[in-house]
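Trainee: I would like a close look at a single part of this model. Please take me through its surroundings step by step.

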Amino acid sequence: MSCPSQTSGFYVPNYVSATFVLQLQKLRVVFTRKPKVARCTLLFVLRNPSAAKVATGGCESVHTQGATFAAAVMLQVSIAVLTSQYTFSRDPVIIERSNLVNISKLIVKELIETSLKYGRMLDSDSMPLQHFFIVLEHVLRHGLKPKKGLLGPKKELWDILQCVEKFTIEAQDITASVRDLPTVRTHMGRARAWLRLALMQKKLADYLKILIDHKDDLLSEYFEPDALMMSDEAIIIMGLLVGLNVIDCNLCVKEEDLDCQQGVIDFSLYLRSSNQCSESSEDDLDHDNMTTVLDQKNYIEELNRHLNATVTNLQAKVETLTTTNALMKEDLAIAKNNILSLYDENTNLKKELGLDVNADRMDEGGGGGEGGQTRKSDANSELDDLKQQLESEKKQRQETEKELNLQISLKAEMEVAMKLLEKDIHEKQDTIVSLRRQLDDIKLINLEMYKKLQECEQELTQKGEMVTRLQAKTSQIGQILNNLEKYNHLLKDAEKGGHASAKGNLQKK
C-alpha cells in the first residue's frame, strides 16, 4: 500500500483519484476568485458533508471516504479564502486609500455643484476649493518613500511634478513660473503653487495621466508599491479631476502663503444626516426650481433686449452704408464723365495742333522775311502752351484713375462688410428664434407643473373626504359594538336570574 501524497497544499489520501484532485484544484481557483461562492460552499458542506460528490462534479471513483475527504478539502479552501479576504479588507493601507478616494469624490462633487449653482469664477476664498487642494495634497503624498539614511536625498512631491515637463511642452511654462516665484521658498510650497496653476490651466487631469502612464519607470522611485498613485484608485482620481475642467478659477499664487501648513477640512459640509437632507431637499426643491426658472426668464429677456439693440444698430449701419455706396456710385459716374470729356478735349487739341503745324509750313514756303520769323515764334509759343496743357491733363488723368481705383477698392470692401453684417444679422435672428422657442418650452413646463399641482390638490381633498367618511363609519361601528356589549351583558344577567330562580324552586321542592 502506497503512502499518501500532498498536492497543491492539501493532504491527499491514496484512495482519491487524479481526476478528483484536478477538480478540487479547479474548485480552489473558483473559490479564490469568487469569495461569495466559497462562503455558500462552506455553509453547504457544514450542513451536508455527504453532498461533496455532487459539488465536485459527480466523479464515479469517489466513495464515502472520498466524499468525506472532499468535504474537508472544500471546508479548508473556503475558510482559507474567506479569512484571506477578511484580512485583505482590513488592511489599513487599503482603508486609507479608499477613504482618500471617497472624500475626493465628495469634495469634487461639492466643488462642481457650487460653481454651477452660483455661476461665478472661484477664487482663493472658496472653502470647497481649499478643501480640494488639501485632499489632493494628501492623495499625491500617500505612500511617498521616506528619506534613506542621514545623507540620502529626500523624496519630495515637487521633484515628481517637475518631471511632467519632460513629457509635455505645456507644463514647462507653469514649472518655470513656479521656480521664479519670490514668495515661495520650500519644495512643498512650490508643489502647491504648481497644482493651483495646473488647475487654472485646466490641464491637471492630463498631467496626472502622464504620471500614471509612467508609473513603472518614474513613480516607482518615489512611491511605495502600495501607494495610491501606484494602485488602480489613481485612475478614479484622474477621472474626478477631468470633471474639474468645467469650472473656472482665479487664484493669486503670489499673495498666498503656500509654505505653511494648509488648513483643516470641515467634514460637516459633506457628511449631512439623512433627516436634514430630506427636509432641506423637499423645502428647497420648489424654491430652487422657481429661482432657476425666473433667472432663465430674466436672462432670456435681457438677451432679447441686447439682440434687439444690436439689430437696430446693424440696420442703421446698413442704411448708412447704402447711402454712402449710392454717393460713391454717383461720384464714380461723374469721374467717368470728366475722364471722357478730357479725352475728347485731348483729341481736339491734337487735331488743332496738327492743322497749325501744316499752316506754318505753308507760310514758310510761300513768304519770307520778318513775317515768317514772327509766325514761327508765335507757333513755338503756342506749342509750348499746348504741351504744358497736355502734361497737366495727363497728371489729372492719372490722379482721377488713382481715385477711381481707390473708389473701386472701397466699394469691394463695403460689399464684403455688407455680407458680413448680413451673416451676423441672420445668426442673431436664429439665436432670437431659438431663445423664443426655449421661452415657450419653459412656459409649457410651468403650465404642466401648475396642472400637476392642481391635480395633487384635488387628490388631497378627495382623500381628506374619504378619511372623514371612514372616521364617521368607525364611530358608527364603535357605537354598534357598544350596544352589542350592553345587550350581551343584559343577556348574561337574565341567564343568571333564571338560574337563581330555578335553584330556589328546586330547594323548595
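**A close look at His-142**

Mentor: Leaving out residues up to four places away in sequence, His-142 touches Val-93, Glu-96, Arg-97, Leu-100, Phe-223, Asp-226, Ala-227 and Leu-228. Keep in mind that this is a predicted model. His-142 sits in the loop between helix 6 and helix 7. Is His-142 buried or exposed? His-142 counts as buried because its relative accessibility is 8%, and buried means under 20%. Now look along the chain. Met-230 is 88 residues away from His-142 in sequence. In space, the two C-alpha atoms are 9.8 Å apart.

Take one of the neighbours, Arg-97. Arg-97 is buried too, because its relative accessibility is 11%. The side chain of Arg-97 meets that of Glu-233 in a salt bridge, with 3.6 Å from N to O. Arg-97 belongs to helix 5 and Glu-233 to helix 11, so this pair ties together parts that are 136 residues apart in sequence.

Next, step to helix 6. Glu-137 lies in helix 6 and Arg-192 in helix 9, so their pairing ties together parts 55 residues apart in sequence. This is a salt bridge, and its closest N and O atoms are 2.9 Å apart. Both Glu-137 and Arg-192 are buried.

A further salt bridge joins Glu-165 and Arg-179, whose closest N and O atoms are 2.8 Å apart. Glu-165 is in the loop between helix 7 and helix 8, while Arg-179 is in helix 8, so the pair ties together parts 14 residues apart in sequence. Arg-179 counts as partly exposed because its relative accessible area is 36%. Some salt bridges share partners: Glu-137, Arg-141 and Arg-192 are joined into one network this way. The count of salt bridges comes to 10.

Now the nonpolar side. The largest nonpolar core has 63 residues. Leu-129, Phe-132, Trp-194 and Leu-244 have the most contacts inside it. Which elements give two or more residues to this core? They are helix 5 (92–118), helix 6 (127–141), helix 7 (157–162), helix 8 (170–179), helix 9 (187–201), helix 10 (204–213) and helix 11 (233–242). Zoom in on Phe-132. Not counting residues up to four places away in sequence, Phe-132 touches Ile-107, Val-108, Leu-111, Leu-199, Leu-204, Leu-241 and Leu-244. There is also a second, separate core of five residues, including Leu-307, Ile-432, Leu-435 and Ile-442.

What about cysteines? A disulfide is a covalent bond between the sulfur atoms of two cysteines. A search of the whole structure finds zero disulfides. Cys-163 is buried, because its relative accessibility is 7%. Cys-456 counts as partly exposed because its relative accessible area is 42%.

Ile-477, Ile-480, Leu-481 and Leu-484 make a nonpolar patch of about 380 Å². Leu-481 lies in helix 13, which covers residues 370–508. Leu-481 counts as partly exposed because its relative accessibility is 45%.

Finally, step back to the whole chain. It has 13 helices and two strands. Of its 509 residues, 26% are buried. The chain exposes about 35300 Å², and carbon and sulfur atoms supply 56% of that area. Take the contacts with a separation of 6 or more: residues 24 or more positions apart account for 73% of them.

Definitions and conventions. Residues are numbered from 1 along each chain as its sequence is written. This is a predicted model: local features need pLDDT of at least 70, side-chain atom pairs count only at pLDDT 80 or more; totals for chains, interfaces and linings use all residues. Side-chain values use heavy atoms; hydrogens and water are left out. Patches are made of residues with over 30% relative accessible area and no salt bridge: like charges are joined within 9 Å, nonpolar side chains (Val, Leu, Ile, Met, Phe, Trp, Tyr) within 5 Å. Accessible areas come from the Shrake-Rupley method with a 1.4 Å probe; for residues, only the protein chains shown count as cover. A salt bridge is a side-chain nitrogen of Lys or Arg within 4 Å of a carboxyl oxygen of Asp or Glu. Helices (H or I, at least four residues) and strands (E, at least two) are DSSP runs, numbered from the N terminus. Buried means under 20% relative accessible area, exposed over 50%, partly exposed in between (1.4 Å probe, protein chains only). A disulfide is a pair of cysteine sulfur atoms within 2.5 Å. A nonpolar core is a set of buried Ala, Val, Leu, Ile, Met, Phe, Trp, Tyr and Cys residues joined through side-chain atoms within 4.5 Å. Contact means heavy atoms within 4.5 Å.
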